Amino acid sequence: MTFRNIFPRFATMSLICVLGAAMLIAEEKSSTKSEAVEEQKEIPRVSLEEAREQAELMHFIYNSTLETLHDRYFHGDRAMVPARAMIDVFRDMERRTHTKARWISASLKPMSIDNKPETDFEKRAAMEISKGESKFETVEDGYYRRAGSISLNHGCIGCHAGLSNTSTSRQFAGLVISVPVNKDVVLTPASKSSPESAPKTKKSE
C-alpha cells in the first residue's frame, strides 16, 4: 500500500482524534463550569419545624443503617468499622442535600480524634447525652443542629472502652445532624422541644 493510499486514512483518523480530544476538553470545561455554578447556588433552607422533622428522620435512618451494618456485615477485625464507613455516606448526603452529619463521643473517650466534640454546642450535647438525654438541639450559623444519642451495646463498648471495662451502666455516643434553616429562625425557649430520656432499645455504633 502506497503513501498516497495511506494518507487519506491517516488524515481521517487524525481528524477524528483531534475532534474527540476537543470534545473531551469542552466537556471537562463544561463540567467544571457546572460545578462552579452549583457551588454559587444558594443553599436551600427550611423552617425550624421542617428542619426538626428532617433531622429526626435522618437520625433514625442513620442509626438503623448502623445497626444493620454491625449485625450483618461487621464480623472480624479486618472488617471496616461501620461508623467509619458511614462517614462516606455523610459526605455524599452533604454534597447532595447540604445537610451535615458527624459522630461525637459522649460517655466514652473517642476512638478517633475526628469524633471529639469540638464546638461549645457539641461539648454540651455530649455532656447531656452521657447523662441519658435522647437529644440536644440549637440553631446557629444558619443551621438547626440536633445531637441525638446512639446507645452502645456490649460489642461497641468492648472496642471503645477496652475488654477490661466492667461497667454495667448504659453508654452512649452522639450523632450531630445539621440542617440549613431560614436565616430568621431562632430557637427560643418556647420553640424548644421538651427533654426526652434515651430509649432503652438495643442500638449499635
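**View 1. The largest nonpolar core of the predicted model.** Among the 23 residues that make up the largest nonpolar core, those touching the most other members are Y62, F90, W103, L175 and I177. At least two residues of this core are supplied by each of α2 (48-72), α3 (82-97), β1 (100-105), β3 (143-152) and β4 (171-180), and the largest share, 6 residues, comes from α2. The model shown here and in the views that follow is a predicted one. In soluble globular proteins, nonpolar side chains tend to be buried together.

View 2. When residues up to four places away in sequence are not counted, Y62 touches M86, V89, F90, M93, A101, L175 and I177.

View 3. Helix α3 consists of 16 residues and reaches 22 Å from its first C-alpha to its last, which is close to the 22 Å expected at 1.5 Å a residue. Its buried residues are P82, A83, M86 and F90, and the helix is followed by H98, whose phi is positive, near 70°.

View 4. The side chains of D92 and R95 meet in a salt bridge, with a distance of 2.8 Å from N to O. Because D92 and R95 are 3 residues apart in helix α3, they are separated by about one helical turn. An α-helix has 3.6 residues a turn, so residues three or four places apart point the same way. D92 counts as partly exposed, at 31% relative accessibility, whereas R95 counts as exposed, at 59%. D92 and R95 are also linked with R96 in a network of salt bridges.

**View 5. The buried face of helix α4.** The buried residues of α4 are F121, E122, A125, A126, E128 and I129; seen down the helix axis, they fall within an arc of 165°, so they line one face of the helix. What covers these buried residues includes β1, β2 (135-140), β3 and β4. E128, which is found in this helix (residues 120-130), has a relative accessible area of 15% and is therefore buried, since buried means under 20%. Leaving aside its neighbours within four places in sequence, E128 is in contact with E133 and F136. The helix is followed by G132, whose phi is positive, near 110°.

View 6. The structure holds 7 salt bridges, and one of them joins R52 to E137, with the closest N and O atoms 2.8 Å apart. R52 lies in helix α2 and E137 in strand β2, so this pair ties together parts that are 85 residues apart in sequence. Both R52 and E137 are buried. In another salt bridge, the side chains of E122 and R102 meet at 2.9 Å, N to O; because E122 lies in helix α4 and R102 in strand β1, this pair ties together parts that are 20 residues apart in sequence. E122 is buried, with a relative accessible area of 7%.

View 7. The mean pLDDT of the protein chain is 74, and 60% of its residues reach 70 or more. Over residues 6-22 the pLDDT stays under 50, and for this stretch the model has 2 contacts beyond four places in sequence. Over residues 194-205 the pLDDT also stays under 50, and here the model has 42 contacts beyond four places in sequence. Where pLDDT is low, the predicted coordinates should not be read in detail.

Key. Residues numbered from 1 in each chain as written. Predicted model: local features only at pLDDT ≥ 70, side-chain atom pairs only at ≥ 80, totals over all residues. Heavy atoms only, no water. Core = buried A, V, L, I, M, F, W, Y, C linked by side-chain atoms within 4.5 Å. Buried < 20%, exposed > 50% of the residue type's maximum accessible area, 1.4 Å probe, protein only. Helix = DSSP H or I, 4+ residues; strand = E, 2+ residues; numbered from the N terminus. Contact = heavy atoms within 4.5 Å. Expected span 1.5 Å × (residues − 1). pLDDT = per-residue confidence, 0-100. Arc of directions from axis to C-beta. Salt bridge = Lys/Arg side-chain N within 4 Å of Asp/Glu carboxyl O.
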